[in-house]
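Let us take a walk through this structure together. Have the sequence and the 3D view at hand as you read.

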Amino acid sequence: MRNPFRFFRHNIGIDLGTANTLIYLSGRGIVINEPTAVAVNTKTNKVVAIGHEAKQMLGRTPQHMNVVKPLSGGVISDFEMAQEILRQFLKKLAKDNTFAYYQNAVVGVPADLTEVERKSVEDAVIGAGVSQAYVIESALASALGARLPVGDPVANMIIDIGGGTTEIAIISMGGAVTIKSLKIGGDKFNEDIIKFVRDEFQLIIGEPTAEQIKIELGSAIPINDKLELAISGRDLLTGLPKEVILKDMHVRAAINKSLRQIVDAAKEVIEKAPPELAGDLLRRGVSMCGGGSLLRGIDQLMSKELATTVTVVDDPLTCAARGAGIAVENLEKYDYILNSPMRPRDIKL
Ligand SMILES: Nc1ncnc2c1ncn2[C@@H]1O[C@H](COP(=O)(O)OP(=O)(O)OP(=O)(O)O)[C@@H](O)[C@H]1O
Ligand SMILES: [Mg+2]
(Lines give C-alpha, C1' and ligand atoms only; values in the text may rest on other atoms or scores of the structure.)
(Ligands and ions follow the chains in the order given, each with its own letter.)
Protein backbone atom coordinates (compact mmCIF):
# COMPACT_ATOMS: atom_id res chain seq x y z
CA MET A 1 0.00 0.00 0.00
CA ARG A 2 1.23 3.50 -0.75
CA ASN A 3 2.39 5.44 2.23
CA PRO A 4 -0.11 8.30 2.69
CA PHE A 5 2.62 10.47 4.22
CA ARG A 6 5.22 9.90 1.56
CA PHE A 7 4.74 13.37 0.06
CA PHE A 8 5.76 14.91 3.34
CA ARG A 9 8.93 12.92 3.61
CA HIS A 10 11.83 15.08 2.55
CA ASN A 11 15.43 14.47 1.67
CA ILE A 12 17.75 17.42 1.91
CA GLY A 13 21.26 18.49 1.05
CA ILE A 14 22.91 20.86 3.52
CA ASP A 15 25.88 23.16 3.16
CA LEU A 16 26.52 24.36 6.70
CA GLY A 17 29.18 26.91 5.76
CA THR A 18 31.19 29.28 7.93
CA ALA A 19 29.58 32.22 6.13
CA ASN A 20 26.36 30.84 4.62
CA THR A 21 23.98 27.97 5.21
CA LEU A 22 22.13 26.52 2.24
CA ILE A 23 19.50 23.81 2.14
CA TYR A 24 18.61 21.91 -1.00
CA LEU A 25 15.23 20.21 -0.93
CA SER A 26 15.11 17.06 -3.01
CA GLY A 27 13.03 17.59 -6.15
CA ARG A 28 12.90 21.36 -5.58
CA GLY A 29 16.43 22.82 -5.44
CA ILE A 30 17.88 25.45 -3.09
CA VAL A 31 15.20 26.62 -0.71
CA ILE A 32 17.27 28.23 2.06
CA ASN A 33 20.29 30.47 1.46
CA GLU A 34 21.11 32.65 4.45
CA PRO A 35 24.12 33.72 6.53
CA THR A 36 25.20 31.28 9.26
CA ALA A 37 24.45 33.77 12.02
CA VAL A 38 22.14 34.04 14.98
CA ALA A 39 21.37 37.00 17.25
CA VAL A 40 20.87 36.19 20.92
CA ASN A 41 19.54 38.25 23.79
CA THR A 42 22.17 37.57 26.45
CA LYS A 43 19.80 38.53 29.30
CA THR A 44 17.11 36.01 28.40
CA ASN A 45 19.29 33.65 26.33
CA LYS A 46 16.60 33.77 23.65
CA VAL A 47 17.29 33.76 19.94
CA VAL A 48 16.00 37.05 18.52
CA ALA A 49 16.99 36.72 14.86
CA ILE A 50 18.53 34.27 12.47
CA GLY A 51 20.21 34.32 9.05
CA HIS A 52 19.96 37.56 7.03
CA GLU A 53 18.25 39.40 9.86
CA ALA A 54 20.99 38.45 12.34
CA LYS A 55 23.81 39.36 9.95
CA GLN A 56 22.40 42.85 9.52
CA MET A 57 22.77 43.35 13.26
CA LEU A 58 26.48 42.43 13.26
CA GLY A 59 28.55 45.16 14.91
CA ARG A 60 25.44 47.21 15.68
CA THR A 61 23.93 45.44 18.68
CA PRO A 62 23.30 46.91 22.14
CA GLN A 63 25.18 45.40 25.09
CA HIS A 64 22.58 42.77 25.91
CA MET A 65 22.54 41.39 22.36
CA ASN A 66 25.12 39.29 20.66
CA VAL A 67 25.43 38.08 17.08
CA VAL A 68 26.95 34.60 17.04
CA LYS A 69 28.57 32.93 14.04
CA PRO A 70 28.59 29.32 15.24
CA LEU A 71 31.11 28.06 12.70
CA SER A 72 34.73 29.01 12.56
CA GLY A 73 37.17 27.74 9.95
CA GLY A 74 34.50 25.32 8.69
CA VAL A 75 34.17 23.73 12.13
CA ILE A 76 31.26 24.06 14.57
CA SER A 77 32.46 26.23 17.44
CA ASP A 78 29.05 26.72 19.08
CA PHE A 79 27.07 23.50 18.86
CA GLU A 80 23.81 24.78 20.39
CA MET A 81 23.62 27.72 18.02
CA ALA A 82 24.58 25.73 14.92
CA GLN A 83 21.82 23.28 15.72
CA GLU A 84 19.37 26.09 16.42
CA ILE A 85 20.06 27.64 13.02
CA LEU A 86 19.39 24.34 11.25
CA ARG A 87 16.29 23.71 13.36
CA GLN A 88 14.84 27.15 12.57
CA PHE A 89 15.58 26.81 8.85
CA LEU A 90 13.93 23.37 8.72
CA LYS A 91 10.96 24.78 10.61
CA LYS A 92 10.71 27.64 8.12
CA LEU A 93 10.79 25.08 5.30
CA ALA A 94 8.08 22.93 6.78
CA LYS A 95 5.93 26.04 7.45
CA ASP A 96 2.63 24.91 8.91
CA ASN A 97 2.93 21.41 7.54
CA THR A 98 3.01 19.43 10.76
CA PHE A 99 3.49 16.17 8.88
CA ALA A 100 6.76 17.29 7.27
CA TYR A 101 9.40 14.77 8.06
CA TYR A 102 13.07 14.95 7.14
CA GLN A 103 14.31 11.49 6.30
CA ASN A 104 17.84 11.82 4.93
CA ALA A 105 20.31 14.65 4.84
CA VAL A 106 23.64 14.82 3.08
CA VAL A 107 25.82 17.46 4.67
CA GLY A 108 29.16 18.77 3.44
CA VAL A 109 32.15 18.91 5.81
CA PRO A 110 35.79 20.04 5.40
CA ALA A 111 38.32 17.36 4.54
CA ASP A 112 40.40 17.38 7.70
CA LEU A 113 37.71 17.20 10.39
CA THR A 114 38.46 15.08 13.44
CA GLU A 115 36.05 12.27 14.27
CA VAL A 116 34.60 14.40 17.07
CA GLU A 117 34.09 17.44 14.83
CA ARG A 118 32.44 15.34 12.15
CA LYS A 119 30.19 13.68 14.71
CA SER A 120 29.18 17.10 15.97
CA VAL A 121 27.97 18.05 12.46
CA GLU A 122 25.94 14.83 12.26
CA ASP A 123 24.52 15.39 15.75
CA ALA A 124 23.55 18.98 14.89
CA VAL A 125 21.69 17.78 11.78
CA ILE A 126 19.94 14.97 13.62
CA GLY A 127 19.20 17.23 16.60
CA ALA A 128 17.60 19.70 14.19
CA GLY A 129 15.08 17.04 13.18
CA VAL A 130 16.55 14.81 10.47
CA SER A 131 16.43 11.01 10.87
CA GLN A 132 19.62 10.04 9.10
CA ALA A 133 22.66 12.20 8.35
CA TYR A 134 25.36 11.37 5.85
CA VAL A 135 28.46 13.46 5.56
CA ILE A 136 30.28 14.18 2.35
CA GLU A 137 33.60 15.95 1.97
CA SER A 138 32.75 19.47 0.81
CA ALA A 139 35.17 19.25 -2.11
CA LEU A 140 33.31 16.18 -3.37
CA ALA A 141 29.97 17.93 -2.95
CA SER A 142 31.31 20.93 -4.85
CA ALA A 143 32.62 18.71 -7.64
CA LEU A 144 29.17 17.09 -7.92
CA GLY A 145 27.56 20.54 -7.91
CA ALA A 146 29.96 21.60 -10.67
CA ARG A 147 28.72 18.58 -12.64
CA LEU A 148 32.22 17.14 -12.91
CA PRO A 149 32.31 13.43 -13.81
CA VAL A 150 33.59 12.44 -10.35
CA GLY A 151 32.98 8.72 -10.93
CA ASP A 152 35.19 8.55 -14.04
CA PRO A 153 38.86 7.56 -13.95
CA VAL A 154 40.02 11.10 -14.80
CA ALA A 155 41.34 13.97 -12.71
CA ASN A 156 38.65 16.42 -11.60
CA MET A 157 40.19 19.31 -9.71
CA ILE A 158 38.09 21.65 -7.63
CA ILE A 159 39.11 24.67 -5.55
CA ASP A 160 36.37 25.90 -3.20
CA ILE A 161 37.24 29.17 -1.44
CA GLY A 162 34.65 29.71 1.27
CA GLY A 163 34.42 32.05 4.24
CA GLY A 164 36.46 30.01 6.71
CA THR A 165 38.14 27.35 4.62
CA THR A 166 39.55 26.60 1.22
CA GLU A 167 39.04 23.04 0.07
CA ILE A 168 41.24 21.84 -2.76
CA ALA A 169 40.94 18.34 -4.21
CA ILE A 170 41.73 16.19 -7.18
CA ILE A 171 38.98 13.60 -7.48
CA SER A 172 38.97 10.47 -9.59
CA MET A 173 36.65 7.44 -9.49
CA GLY A 174 34.52 8.91 -6.70
CA GLY A 175 37.37 9.49 -4.29
CA ALA A 176 39.83 12.23 -3.45
CA VAL A 177 43.26 11.35 -4.83
CA THR A 178 44.83 14.35 -3.13
CA ILE A 179 42.94 16.75 -0.91
CA LYS A 180 43.83 19.72 1.25
CA SER A 181 41.79 21.88 3.56
CA LEU A 182 43.16 25.30 4.56
CA LYS A 183 41.75 27.51 7.30
CA ILE A 184 42.03 30.47 4.94
CA GLY A 185 39.12 31.99 3.05
CA GLY A 186 37.07 35.16 2.74
CA ASP A 187 37.06 35.76 6.53
CA LYS A 188 40.87 35.82 6.53
CA PHE A 189 40.83 38.32 3.64
CA ASN A 190 38.57 40.53 5.75
CA GLU A 191 40.96 40.26 8.72
CA ASP A 192 43.86 41.12 6.42
CA ILE A 193 42.01 44.23 5.23
CA ILE A 194 41.18 45.32 8.80
CA LYS A 195 44.85 44.99 9.77
CA PHE A 196 46.11 46.76 6.64
CA VAL A 197 43.75 49.73 7.12
CA ARG A 198 44.76 50.00 10.78
CA ASP A 199 48.51 49.83 10.03
CA GLU A 200 48.52 52.05 6.93
CA PHE A 201 45.81 54.59 7.73
CA GLN A 202 45.50 54.35 11.55
CA LEU A 203 41.83 53.66 10.99
CA ILE A 204 39.75 51.08 12.82
CA ILE A 205 37.03 49.46 10.75
CA GLY A 206 34.58 46.65 11.48
CA GLU A 207 34.05 43.37 9.64
CA PRO A 208 31.08 44.52 7.52
CA THR A 209 33.16 47.43 6.17
CA ALA A 210 36.08 45.10 5.41
CA GLU A 211 33.69 42.81 3.54
CA GLN A 212 32.35 45.76 1.52
CA ILE A 213 35.92 46.85 0.67
CA LYS A 214 36.81 43.32 -0.45
CA ILE A 215 33.77 43.01 -2.70
CA GLU A 216 33.98 46.51 -4.19
CA LEU A 217 37.75 46.87 -4.58
CA GLY A 218 39.23 43.38 -4.22
CA SER A 219 41.21 41.69 -6.98
CA ALA A 220 43.79 38.95 -7.24
CA ILE A 221 45.75 40.58 -10.07
CA PRO A 222 46.18 44.21 -11.20
CA ILE A 223 43.05 45.34 -13.04
CA ASN A 224 42.43 47.86 -15.81
CA ASP A 225 39.78 49.92 -14.05
CA LYS A 226 41.26 51.78 -11.13
CA LEU A 227 38.80 51.41 -8.27
CA GLU A 228 38.40 53.67 -5.25
CA LEU A 229 36.15 53.71 -2.23
CA ALA A 230 35.68 56.23 0.57
CA ILE A 231 35.56 54.33 3.84
CA SER A 232 34.89 55.53 7.31
CA GLY A 233 35.87 54.18 10.70
CA ARG A 234 37.38 55.32 13.98
CA ASP A 235 40.74 57.06 14.11
CA LEU A 236 43.20 54.93 16.08
CA LEU A 237 44.73 57.96 17.81
CA THR A 238 41.85 60.40 18.38
CA GLY A 239 39.07 57.82 18.68
CA LEU A 240 36.90 60.03 16.46
CA PRO A 241 35.23 59.20 13.13
CA LYS A 242 37.50 59.55 10.09
CA GLU A 243 37.24 58.90 6.35
CA VAL A 244 39.95 57.71 3.96
CA ILE A 245 40.05 56.79 0.27
CA LEU A 246 41.05 53.20 -0.38
CA LYS A 247 42.24 51.89 -3.77
CA ASP A 248 42.22 48.46 -5.39
CA MET A 249 46.00 48.17 -5.02
CA HIS A 250 45.65 48.54 -1.23
CA VAL A 251 43.34 45.54 -1.09
CA ARG A 252 45.70 43.49 -3.27
CA ALA A 253 48.57 44.34 -0.94
CA ALA A 254 46.44 43.43 2.10
CA ILE A 255 45.32 39.99 0.93
CA ASN A 256 48.40 39.04 -1.07
CA LYS A 257 49.94 36.76 1.57
CA SER A 258 46.74 34.80 2.20
CA LEU A 259 46.13 34.46 -1.53
CA ARG A 260 49.67 33.15 -1.96
CA GLN A 261 48.97 30.43 0.63
CA ILE A 262 45.94 29.29 -1.38
CA VAL A 263 47.97 29.23 -4.61
CA ASP A 264 50.77 27.26 -2.93
CA ALA A 265 48.31 24.74 -1.49
CA ALA A 266 46.76 24.23 -4.95
CA LYS A 267 50.23 23.62 -6.40
CA GLU A 268 50.98 21.14 -3.62
CA VAL A 269 47.78 19.20 -4.37
CA ILE A 270 48.82 18.91 -8.02
CA GLU A 271 52.40 17.98 -7.14
CA LYS A 272 51.19 15.13 -4.94
CA ALA A 273 48.91 13.66 -7.63
CA PRO A 274 50.14 10.84 -9.86
CA PRO A 275 51.58 12.12 -13.18
CA GLU A 276 48.76 10.60 -15.27
CA LEU A 277 46.25 12.73 -13.42
CA ALA A 278 48.42 15.84 -13.73
CA GLY A 279 48.27 15.27 -17.49
CA ASP A 280 44.46 15.13 -17.29
CA LEU A 281 44.45 18.54 -15.62
CA LEU A 282 46.24 20.08 -18.58
CA ARG A 283 43.49 18.84 -20.87
CA ARG A 284 40.52 19.29 -18.56
CA GLY A 285 41.44 22.34 -16.53
CA VAL A 286 40.43 23.24 -12.97
CA SER A 287 37.08 24.40 -11.56
CA MET A 288 36.68 27.00 -8.84
CA CYS A 289 33.68 27.71 -6.61
CA GLY A 290 32.73 29.22 -3.24
CA GLY A 291 32.24 32.91 -2.54
CA GLY A 292 35.99 33.56 -2.67
CA SER A 293 36.07 32.56 -6.34
CA LEU A 294 34.11 35.77 -7.04
CA LEU A 295 37.23 37.81 -6.26
CA ARG A 296 38.15 39.66 -9.49
CA GLY A 297 40.85 37.93 -11.52
CA ILE A 298 41.31 34.95 -9.22
CA ASP A 299 40.74 32.56 -12.13
CA GLN A 300 43.45 34.35 -14.13
CA LEU A 301 45.88 34.23 -11.22
CA MET A 302 45.23 30.52 -10.67
CA SER A 303 45.46 29.77 -14.36
CA LYS A 304 48.87 31.45 -14.58
CA GLU A 305 50.16 29.78 -11.43
CA LEU A 306 48.83 26.28 -12.16
CA ALA A 307 49.62 26.44 -15.88
CA THR A 308 46.17 25.20 -16.93
CA THR A 309 42.72 26.61 -17.68
CA VAL A 310 40.78 27.63 -14.58
CA THR A 311 37.04 28.27 -14.72
CA VAL A 312 34.74 29.63 -12.05
CA VAL A 313 31.56 27.53 -12.08
CA ASP A 314 28.15 29.12 -12.68
CA ASP A 315 26.59 30.25 -9.42
CA PRO A 316 29.68 29.44 -7.29
CA LEU A 317 28.01 30.24 -3.95
CA THR A 318 25.46 27.43 -4.29
CA CYS A 319 27.76 24.80 -5.79
CA ALA A 320 28.42 22.70 -2.65
CA ALA A 321 24.73 22.74 -1.65
CA ARG A 322 23.64 21.68 -5.13
CA GLY A 323 26.20 18.87 -4.94
CA ALA A 324 24.90 17.72 -1.54
CA GLY A 325 21.42 17.83 -3.11
CA ILE A 326 22.50 15.69 -6.05
CA ALA A 327 23.99 13.18 -3.59
CA VAL A 328 20.81 12.97 -1.50
CA GLU A 329 18.68 12.60 -4.62
CA ASN A 330 20.87 9.67 -5.68
CA LEU A 331 21.74 8.12 -2.34
CA GLU A 332 22.28 4.62 -3.69
CA LYS A 333 24.42 5.77 -6.58
CA TYR A 334 26.66 7.86 -4.36
CA ASP A 335 26.57 5.58 -1.35
CA TYR A 336 30.25 4.78 -1.81
CA ILE A 337 31.31 8.38 -1.33
CA LEU A 338 29.14 9.10 1.69
CA ASN A 339 29.94 8.52 5.33
CA SER A 340 27.45 7.73 8.02
CA PRO A 341 28.04 6.86 11.68
CA MET A 342 25.86 3.80 11.21
CA ARG A 343 28.10 2.30 8.55
CA PRO A 344 30.20 -0.77 9.40
CA ARG A 345 33.38 0.79 8.00
CA ASP A 346 33.18 3.43 10.71
CA ILE A 347 33.03 0.96 13.54
CA LYS A 348 36.41 0.86 15.20
CA LEU A 349 37.51 -2.73 15.93
N1 LIG B 1 32.18 39.26 -4.86
C2 LIG B 1 32.94 38.69 -3.92
N3 LIG B 1 34.28 38.88 -3.92
C4 LIG B 1 35.06 38.31 -2.98
N5 LIG B 1 34.60 37.56 -1.98
C6 LIG B 1 33.28 37.35 -1.93
C7 LIG B 1 32.38 37.89 -2.88
N8 LIG B 1 31.11 37.51 -2.56
C9 LIG B 1 31.22 36.75 -1.45
N10 LIG B 1 32.51 36.65 -1.06
C11 LIG B 1 33.04 35.96 0.12
O12 LIG B 1 32.73 34.59 0.05
C13 LIG B 1 32.69 34.06 1.37
C14 LIG B 1 31.48 33.19 1.53
O15 LIG B 1 31.58 32.14 0.62
P16 LIG B 1 30.79 30.78 0.86
O17 LIG B 1 29.35 31.05 1.09
O18 LIG B 1 31.17 29.88 -0.25
O19 LIG B 1 31.45 30.30 2.23
P20 LIG B 1 30.96 29.16 3.22
O21 LIG B 1 30.62 27.97 2.40
O22 LIG B 1 29.89 29.67 4.11
O23 LIG B 1 32.25 28.93 4.10
P24 LIG B 1 33.16 27.61 4.28
O25 LIG B 1 33.00 26.79 3.06
O26 LIG B 1 34.54 28.15 4.44
O27 LIG B 1 32.68 26.98 5.54
C28 LIG B 1 32.65 35.25 2.32
O29 LIG B 1 33.92 35.39 2.95
C30 LIG B 1 32.38 36.42 1.39
O31 LIG B 1 32.98 37.60 1.87
MG1 LIG C 1 31.62 26.31 1.69
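Helix α6 gives the largest share of the lining of the largest pocket, five residues. Helices here are DSSP runs of H or I with at least four residues, strands are runs of E with at least two, and both are numbered from the N terminus. The model is predicted, so to speak of local features pLDDT of at least 70 is needed, and side-chain atom pairs count only at pLDDT 80 or more, while totals for chains, interfaces and linings use all residues. Residues are numbered from 1 along each chain as its sequence is written, chains are lettered from A and ligands numbered from 1 in the order in which they are written, and side-chain values use heavy atoms, without hydrogens and water.

The largest pocket holds about 1000 Å³ of space. Of its 48 lining residues, Ala19, Asn20, Gly163, Gly291 and Leu317 are the closest to its centre. Among the elements that supply at least two lining residues each are β1 (9-16), β9 (101-109) and α5 (186-201). On a 1 Å grid over the protein atoms alone, a pocket is an open set of points with protein on both sides within 12 Å along at least five of seven lines; a cavity is a set where a 1.4 Å probe fits but cannot get out, and lining residues have an atom within 4 Å of a point. Grid points are joined across faces, edges and corners, and a volume is the space filled by probe spheres set on them.

Now turn to helix α2 (residues 79-94). Its 16 residues should span 22 Å at 1.5 Å a residue, and its end C-alpha atoms are 23 Å apart, which agrees; the expected span is 1.5 Å times one less than the number of residues. Among the buried residues of α2 are Met81, Ile85 and Phe89. Buried means under 20% relative accessible area, exposed over 50% and partly exposed in between (1.4 Å probe, protein chains only). Just after α2, lysine 95 takes a positive phi of about 50°.

Isoleucine 184, in the loop between β13 (175-182) and α5, counts as buried because its relative accessibility is 8%. Leucine 236, in the loop between β15 (228-235) and β16 (241-247), counts as partly exposed because its relative accessibility is 41%.
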